[in-house]
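Thanks for coming, everyone. Let me put the structure up, and then we'll walk through it piece by piece.

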Amino acid sequence: MVEPVDVYFYFNFRSPYCYLASKTLWPIFEDYHTRLVWRPLGGWDGRSPPEVAVKKLPIARQDMARFARRLGVPVNPPPKTTDPTLAGAGSLLAERKGVLKPYINEVMRKEWAEGADIGQLDILLQVGESIGLDREELAETANDPDNQAQLMRNWQEADEKGAVGVPTFIIGEEIFWGQDRIDFVLEHLRELRLSRL
């Protein structure tokens with residue numbers, strides 16, 4: 001029997017590159033003997049700080065549009081003030097309930113395809129309800145200070161491991177940063193002979 005490897009996955013729901021990654025990352029966990037170590041972030045963690053983001057935004061928007069065209073996915077950015085912290089904390093419930101993949105996909109679709117502000121609890125609760133999460137339980141989880149603190153600890157861990165942004169996948173000593181590095185993640189897993197037969 002093949003022993004699965006841990007794949008640490010650092011993700012910020014406010015990142016356009018995490019949106020793009022959400023469209024192509026799933027073979028990492030479905031086609032290989034891997035164990036997802038989910039590490040959601042909140043606030044600006046893993047993203048360019050505001051003073052850098054202002055200059056970077058026009059270039060990032062162009063870059064994202066090119067990748068979105070390649071993938072054939074819609075792009076309608078959310079308000080600039082959107083805070084991903086509630087979504088990140090809420091994802092901890094989705095993980096516990098076994099619906100992390102639909103949660104990620106639906107939150108990102110709502111935010112980046114429809115342009116909704118996922119920092120608004122009502123919008124997040126609509127998404128949760130659509131995938132079978134209890135609204136009250138999701139609200140409690142998203143607002144829980146301990147869960148929000150976990151998001152900060154996740155970024156501290158990422159920083160200690162050498163991550164510089166999101167999305168980042170870490171397998172052992174190998175760090176893969178960016179949605180355009182997913183092919184390298186898959187290649188690495190093949191080299192480790194972890195393909196599911």
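Where is P167 found? P167 is in the loop between α8 (145-161) and β3 (168-171). Helices here are DSSP runs of H or I with at least four residues, strands are E runs of at least two, and both are numbered from the N terminus.

A word on the source. This is a predicted model, where local features need pLDDT of at least 70 and side-chain atom pairs count only at pLDDT 80 or more, while totals for chains, interfaces and linings use all residues. Residues are numbered from 1 along each chain as its sequence is written, and side-chain values use heavy atoms, with hydrogens and water left out.

Back to P167. The peptide bond from V166 to P167 is cis, with omega near -10°. Two residues have a positive phi to point out. R193 has a positive phi of about 60°, although R193 is not a glycine. Most residues other than glycine have a negative phi, and most peptide bonds are trans. R193 sits in the segment after α9 (182-191). R193 is exposed, at 72% relative accessible area. Exposed means over 50%, buried means under 20%, and partly exposed is in between, with a 1.4 Å probe and protein chains only.

Now the rings. How many aromatic pairs are there? The count comes to eight. The rule takes the rings of Phe, Tyr and Trp (its six-membered ring) and pairs them if their centres lie within 6.5 Å; planes under 30 degrees apart are stacked, over 60 edge-to-face, and the rest tilted. F11 and W38 make a tilted pair, 5.5 Å centre to centre, with 45° between the planes. F11 is in strand β1 (residues 5-11) and W38 in strand β2 (residues 34-40), so this pair ties together parts 27 residues apart in sequence. F11 and W38 are both buried. For W38, the relative accessibility is 3%.

W38 has another partner. F13 and W38 have ring centres 6.3 Å apart and planes at 75°, so that pair is edge-to-face. Again, distant parts of the chain are linked: F13 is in the loop between β1 and α1 (16-21), W38 in strand β2, 25 residues apart. F13 is buried, at 0% relative accessible area. Step back, and F9, F11, F13, W38, Y103 and F169 form one aromatic cluster.

Some rings have a charge over them. The test is NZ of Lys or CZ of Arg within 6 Å of the ring centre and within 35 degrees of the ring normal. R47 has its charged end over the ring of W44, 4.2 Å from the centre. K161 lies over the face of Y8, at 4.2 Å from the ring centre.

R47 comes up again with S15. S15 is in the loop between β1 and α1. S15 is buried, with 3% relative accessible area. Beyond neighbours within four places in sequence, S15 is in contact with R47, M108, W112 and V166. Contact means heavy atoms within 4.5 Å.

Next, helices. How do α4 and α5 pack? Helix α4 (residues 85-96) and helix α5 (residues 100-113) pack at about 155°, axes 8 Å apart. That makes α4 roughly antiparallel to α5. The bands are under 35 degrees for roughly parallel, over 145 for roughly antiparallel, 65 to 115 for roughly perpendicular, and oblique for the rest. The axes are lines fitted to C-alpha atoms, for helices over the stretch in contact, and angles run from 0 to 180 degrees between N-to-C directions. On α4, the residues are L86, A87, G90, S91, A94 and E95; on α5, they are L100, Y103 and V107.

Helix α6 (residues 121-130) joins in. Its buried residues are I123, L124, L125, V127 and G128. These pack against α4, α5 and α7 (135-143).

Last stop, P40, in strand β2. Is P40 buried or exposed? P40 is buried, at 0% relative accessible area. P40 and L92 are 52 residues apart in sequence, yet 8.1 Å apart in space, C-alpha to C-alpha. Leaving aside neighbours within four places, the contacts of P40 are F11, G88, S91, L92, L151 and N154.
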